[in-house]
Amino acid sequence: MKNSYTRRDFLLASSSLGVSFFLPRIENGLQSRASANPVERTRQVLVVVFLRGGFDGLGLVCPTQAPDRTLYEAARPNIGLPLIGNDAALPLTEAFALNAAAKPLLPIFQQKQLGFVHACGLATPSRSHFAAQSLVDLGSTNQGEFNSGWLSRFLKAHPCRTASIGALKPASLLGSDEPLVLPRFKGLGLDGPPTQQRMMRTALRNIYANTQGDARYGIAALNMLDEIENLALPSIAKNLPDLPTGEIPQKFILAAELIKHDKKLGLVTLDIGGWDTHRQQGTTGEGYFAKQLATLSKALADFHRETQSTTDAWVTTIVFSEFGRRLKENASRGSDHGHGNVVMLLGSKVKGGRFHGQWPGLSHDKLFGRSDLATTSDLRQVFFEFLRLRSPQLQFTDVFGKPTFNAQLELFQRD
Amino acid sequence: MTTSLLSSSAHSWLSRVTFGLNENLVQAFVALGKDDTERWKKFVDEQLSSPNFKDDNLEKKIASLELKVLDKPLNQIWSEHTLPARTMKQNAPEKNPTTKQDNKATRRERRDLALEPVLALEAATWIRIVHSRWQIREKMVEFWHDHFNIFGFEQRTAPGILALNRDVVRPLALGNFRTLLGQMCRNPAMLYYLDNAYNQSGNPNENFARELFELHTLGAENYLGTIDRESVTKDRDGFVAGYVDGDVYEAARAFTGWRVSDGGFGLDKNTGEFFYHEPWHDRFQKVVLGQKIPEHQAPLKDGEDVLNALAAHPGSARHMMRKLCRRFVSDTPSESFVNRLAEFWLARKDSPTQIRDTLTQLLHSPEFLESKEPKFKRPVDYFASLLRILSSDFSPSEKFIQATQKSGQRLFGWKTPDGPPDVAAPWQSPQSLLDRWKTAQQIIRQEIPGCSFKFADALEGAIISPESLAKTLSQAILLRIPEKQFLETLTSVAAGGRRSDTPLPSELLEERIQLVAELCVLSPEFQVRS
């Protein structure tokens, strides 16, 4: 495993993969530190990407061998991934292929920096978005087991600076000290000329600190303005080329910039919605899911390359959802809520280029409730091994409750 | 200048049931009786029992916006706004081989036309919540739109959501829940939004059925997961302990064929209205919540049976009452209060005034009257209250809509079916809060068209020293005696280094008034309904 990248590596990688969003800035020499010397990696940054709404893992990777292939095609005549034609899925291993819309991820898989855990999910099944997201966010096996998020419990014992990209703090950070919740680069702050803004901020801090009742939220907002100033976020934004439109790439770019500029940052969360595809799913070609997946894949691949080549951090990313979708498509060419799903792992620490966990198959008797991909790996075990990247001594029970059916998955290189 | 000040109880009651206090409301309230108890009783009676909620001034204001689409029947909206868009879309490439730019322009035109119904509804709703006399009713209209959330800014949902608001939610906001639920499930915007318009026998689409259970009636707290139906216990009245996936699947079958006549999938009719399509319906036996639904029932009966079972279930009553309490009382209402109201609600399940009577019960309960927990204003609450206290005239400009939605809430614009949350935490996030503050400043600085203020009224006759400016203006905005330290901060900002008891020179006055007003509406006091 290669520990560092040079500018040349990066440019080669980029040129073979199309133009990276990040490229112009590096050519301009704004990242001279990264480009002049090989990067020494000195810190671990964990990136948690929650695809909310029930991401269709069977629309991301599909089985290619009989008998599962036959069962897959029979269940998904309209929304399945084809193996031939313009939209043919891209072979990953002997048994699985990748949606062509996710093409930007293929070279990362081939470089063994992307791995999958198939048939992964909740140990206690739920097909309700609300219930399932809550179980995932809290890292629990039943409602009421915890009232704090799995990341909060980890941070309590192993604190580090944490940022959430988006408008809201996700429930996985419920109960933690205020993370930096950052929705965008620009336009955050009060109205008016700078001196007046400073005066207003002082007055507001005074008012919020001295009021009766709980007004911590106001102090947190004012603190965030200070953080933005400390990080010089507006000037970072000024040096970026025009941001691409769309929430997904913007969130990943913001995350990458934060990782580069905030040397103490240890944990980043991103929530991405829009996966609840009950109707006209459009898994391939110009379809809805295909477009959304293409956007995500490009943003993820750009983010991966950028953070691998220009930061001094080991950046490891996990991408998951609250449940997968039903094997069988519905009459409106969509898919309803299912169970087992695929999890993506990206980074140089990942044992990539392969599928982890146990594939249960798609035959009738192997499906959960005779309808959904079963779960053979507990998502919490993936979370646990992921957290261990930052804290090698961590025990499963430090963060989660009783272990369930899982053996060790050994998803990451350990030093 | 006189500012009427309420007792802190009355202040709390009124700010919980309205979109914000103002001088007129306070004076009208005080005139209702000799003490708060009498006034409150009369106020609630008047607000909830008005026969037709007449408000001529309001209607005049809405009429002045000239939003013609507001009065069109649904089929006319469909044919004039959505249908042409659909036809144009199909024909555009052949008939109109123009440049890319032209296509873009026509696409935008079509989109504007299709979204006109929801944009008009949004504008009219802003006028109503800011200006209507019937504030509790407007609060309940908002409550039902949140509860049965639909994202209205889509070509398919825009006509239906306008009709839903006008023909269903407004007339039934204080009526009967089961009636409201039934109308809701036949509304084209709902049928499109949750995909039931495409739900057909054989391979049903269960999106609608799932949200009907999880959000609209029983609530996620009554979801027992993926277990077998046979293992669900029943209480002594025969009600199941909760619902499982099996119930959702069977209910999805019950609603097959509930669609929209939109000319699609073998339909000739194209009116945009609700349509029951017999060939798509699954006629065979179903079991939902332990109750048998026999095969070969009359049209629509299967679905109606499911709605009856859901509306009559005590779990639904508790879910509904918890949400109602959350709206008016507290983020975390006590379970005993919820249970008490749920019993009251269920006992009136066939009454045409079920919602009004239950709400009356809630508003006279000790839990409401003695509630000390402030409710954090959601962005719409916040901006409405800002305009109600300050604005002499208001109409929602495009810039106003753009600026206010940055805080995360837009009327009829919440994307996921759970509706905008009714607890503090999400709206207290630094981003939401900072964006609300900035927009409030822009409104006060008159940088946003359609909002004009007259601070002069509040300050008339006062000697405008920094001290008096701070005191007078903060009382006029908060309608309370401000905390001492808060007042000191305001005074020092108003003074800006000058003596606080000496009149401000006139050239500084406007800026200082503005800054003090901003600090008042950015203060913790003004962020809450309490």
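Strand pairing in chain A

Guide: Strand β3 of chain A and strand β4 (residues 96-98) of chain A pair in the antiparallel sense over 2 bridges. Two strands pair if DSSP finds at least two bridges between them; helices (H or I, at least four residues) and strands (E, at least two) are DSSP runs, numbered from the N terminus. This is a predicted model, in which local features need pLDDT of at least 70, side-chain atom pairs count only at pLDDT 80 or more, and totals for chains, interfaces and linings use all residues. Residues are numbered from 1 along each chain as its sequence is written, while chains are lettered from A and ligands numbered from 1 in the order in which they are written.

Visitor: Which residue stands opposite A:Pro91 in β4(A)?

Guide: The residue opposite A:Pro91 is A:Ala97. Strands of a sheet pair through backbone hydrogen bonds, either parallel or antiparallel. Here the open sheet has 3 strands in the order β2-β4-β3 (chain A), with antiparallel pairing. β2 (61-63) and β3 (90-91) of chain A are at the edges with a single partner strand each, so one side of each has no neighbour in the sheet.

Visitor: Which strands pair with β5(A), and in which sense, parallel or antiparallel?

Guide: β5(A) pairs with β10 (residues 341-346) of chain A in the antiparallel sense over 5 bridges, and A:Val117 stands opposite A:Val343 there. With β11 (residues 355-356) of chain A the pairing is parallel, over 2 bridges; A:Phe116 has A:Phe355 as its bridge partner. β12 (residues 377-378) of chain A also runs parallel to β5(A), joined by 2 bridges, and in β12(A) the residue opposite A:Gly121 is A:Asp378.

Visitor: How many residues of β5(A) are buried?

Guide: A residue is buried if 20 or more other C-beta atoms lie within 10 Å of its own, exposed if 12 or fewer, and partly exposed in between, with C-beta atoms placed from the backbone. In β5 (residues 114-121) of chain A, 8 of the 8 residues are buried, so the strand is largely enclosed by the rest of the structure. By contrast, A:Phe412 has 19 C-beta neighbours inside 10 Å and therefore counts as partly exposed. A:Phe412 lies in the segment after α14 (396-399) of chain A.

Visitor: What does A:Phe412 touch?

Guide: Two residues are in contact if their C-beta atoms, placed from the backbone, lie within 7 Å. Not counting residues up to four places away in sequence, A:Phe412 touches A:Lys349, A:Val350, A:Lys351, A:Glu385 and A:Leu389.

Visitor: How do I read a helix by its buried residues?

Guide: An α-helix has 3.6 residues a turn, so residues three or four places apart point the same way. In α9 (residues 177-184) of chain B, the buried residues are B:Phe177, B:Leu180 and B:Met184. They cover an arc of only 65 degrees around the axis (the arc of the directions from the helix axis to the C-beta atoms), which puts them on the same side of α9(B). Among the elements covering them are α7 (135-147), α8 (158-172) and α10 (188-193) of chain B.

Visitor: Which residues have the most contacts inside the largest nonpolar core?

Guide: A nonpolar core is a set of buried Ala, Val, Leu, Ile, Met, Phe, Trp, Tyr and Cys residues joined through C-beta atoms within 7 Å. The largest has 247 residues, and those with the most contacts inside it are A:Ala255, A:Val268, A:Val343, B:Ala251 and B:Val516. Helix α6 (residues 100-131) of chain B gives the most to this core, with 11 residues. Leaving aside neighbours within four places in sequence, the contacts of B:Val516 include B:Leu469, B:Leu490 and B:Val493.

Visitor: How many residues of chain B are in contact with chain A?

Guide: On chain B, 39 residues are in contact with 39 residues of chain A. The largest share of that side of chain B, 9 residues, comes from α21(B).

Visitor: What about each chain as a whole?

Guide: Chain A has 14 helices and 12 strands, and 50% of its 415 residues count as buried. Chain B has 25 helices and 10 strands, and 49% of its 530 residues count as buried.
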